[in-house]
Every structure is written in C-alpha cells, then in structure tokens.
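Open the model in your viewer and keep the selection tool ready. This tour moves from stop to stop and says what to select at each.

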Amino acid sequence: MVKIIIYTGLSLPFDEAKEILDSSEGVEVIYKRPIKRGDLSLALRENPDIIAIIDGVFHQSSAVGHKEILNVIKNGVKVYGASSMGALRASELDTLGMTGTGYVYNQYASGEVDSDDDVAVMLDSETLEALSEPLINMKYVFTNALAENIITEEEKEELLAIAKQTYYPKRNYAQTLTQSDLDDDTKNRLIDFIRESADIKKEDAKDLLKTIKKEIE
C-alpha cells in the first residue's frame, strides 16, 4: 500500500484534485487543508510514503518550517512541492531532498521572485475560496499579455507596480486596472485576455498530482 498525503484545497479544490489522483487499489490518497506549522509531525504518525505540499498558511498561523520538512525527508518520505507554499519551500530545499515542479517553483528557484507575497492570497477559512488574486498569477498573465501585444512593456510594469504595492488581501485585477492609466480599449482587451487565461497556480497543482500519479503507476 502506497500512502500519499497532499495539502491543498486553495490552489486546487479537493474534488478537482481527486479527479486526477484518488485512492485506488494499493494506493491511499489523503487530502488535507493548507499546511501549517506542526502538521508534518502529525502526518508522520500516519506513515506516508509521499507528502505533497501545494497550499499552506502564511499569516493566519505559523508557516510550515524548513526543519519540519527536512525531518520528514530524513524519515524516508518523498516530499514534493508546487504552486504556492510548496513551490516556495521546494525552491529553498531542492538541494536537500525536496522535489519542486512547475512554473511557480521555477520562478522561485531561478530568483525571478523571492517573496512569499507573490503567492499569498486572502482566503475564506471555511470554504478555502480565494478572496484575492495572487501576484504570481498576475505576473504570469501580464507577461503573456505583453507577448500577445495587448499591453506594452511600460503598461505591464505599471500594472505590476500597482499590484505589488497593494496589500495582498485587497489585490485583484479590477482594482489594479482601475488604478492604471490604460485607455479603455486596452483595458477591455486585457479583461478579455484575463478571462481566458489559465490560473497558473492551479495548473501547477494539477501537474504535480499527475507527476505523482505517474511515479506510483
């Protein structure tokens, strides 16, 4: 029996996660809410083979610590990280045994981003619904909008500056565009582009589950 514990619910809802990776014959998959300090010591008591960290708390409670993750790895558990808190911790511990995957992880690992503010969101503690937009998603979308000639380099930098200066619980596309100097035509084209764009944190989470599924097959 392979036992897998996955911390998510925010970047990827549990029901969507289970469509990709769920318990089956010889495999037990346990989905848990975003990870916080102390959760891994409890997880070890369940004797998992794999732990995947996608989402974690930043400000609501103490964040999962590096030593906690390293202790799990020393106990023979394979630890993956992607999308949000998992990507951040994986970029810090990838030389010490933690495996990172995805766009967000690569952004941290390459030094393109270096702050937990880039993946922080305000969430509904009951439903785990995101109530703000993570900066990493906005960077991804605005960079792609520039590549598609929807906005200029100067407009991209203005939008990112506004988003960066906004406290993360209040960060969203509508507020950012309203404060910008973009003309109405550009705003409308950008809004259409945003609506069609992928949620990169969600896509990273999906890809991580697919990676784990391939490994255990």
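How many aromatic pairs does the structure hold? The structure holds 4 aromatic pairs. Rings of Phe, Tyr and Trp (its six-membered ring) pair if their centres lie within 6.5 Å; planes under 30 degrees apart count as stacked, over 60 as edge-to-face and the rest as tilted.

This is a predicted model, in which local features need pLDDT of at least 70 and side-chain atom pairs count only at pLDDT 80 or more, while totals for chains, interfaces and linings use all residues. Residues are numbered from 1 along each chain as its sequence is written, and side-chain values use heavy atoms, with hydrogens and water left out.

**Stop 1: Phe14 and Tyr31**

Select Phe14 and Tyr31. Their ring centres are 6.3 Å apart and the planes stand at 50°, so this pair is tilted. Phe14 sits in helix α1 (residues 14-20) and Tyr31 in strand β2 (residues 27-32), so the pair ties together parts that are 17 residues apart in sequence. Helices (H or I, at least four residues) and strands (E, at least two) are DSSP runs, numbered from the N terminus.

Now colour by accessibility. Buried means under 20% relative accessible area, exposed over 50%, and partly exposed in between (1.4 Å probe, protein chains only). Phe14 is partly exposed because its relative accessibility is 26%. Tyr31 has 14%, so Tyr31 counts as buried.

**Stop 2: Tyr167 and Tyr168**

Select Tyr167 and Tyr168. They form an edge-to-face aromatic pair, with 5.2 Å centre to centre and 75° between the planes.

**Stop 3: Gln175**

Move to helix α8 (residues 173-179) and pick Gln175. Its relative accessibility is 18%, so Gln175 counts as buried. Show its contacts, meaning heavy atoms within 4.5 Å. Beyond neighbours within four places in sequence, Gln175 is in contact with Ile162, Thr166 and Lys170.

**Stop 4: helix α3**

Select helix α3, residues 66-74, and find Leu70 there. Leu70 is partly exposed, at 22% relative accessibility. Leaving out residues up to four places away in sequence, Leu70 touches Leu93 and Leu96.

Glu68 is buried, with a relative accessible area of 17%. Which residues does Glu68 touch, not counting those up to four places away in sequence? Glu68 touches Arg37, Gly38, Asp39, Leu40 and Ala63.

**Stop 5: the whole chain**

Zoom out. The protein chain has 10 helices and 5 strands. Its radius of gyration (over C-alpha atoms) is 18 Å, close to the 17 Å from the globule rule for 217 residues, so the chain is as compact as a globular protein of that length. That rule is 2.2 Å times the number of residues to the power 0.38. Along the principal axes, the C-alpha atoms fill a box of roughly 60 × 35 × 30 Å.

Of the 217 residues, 50% count as buried. Among contacts with a separation of 6 or more, 66% join residues 24 or more positions apart.
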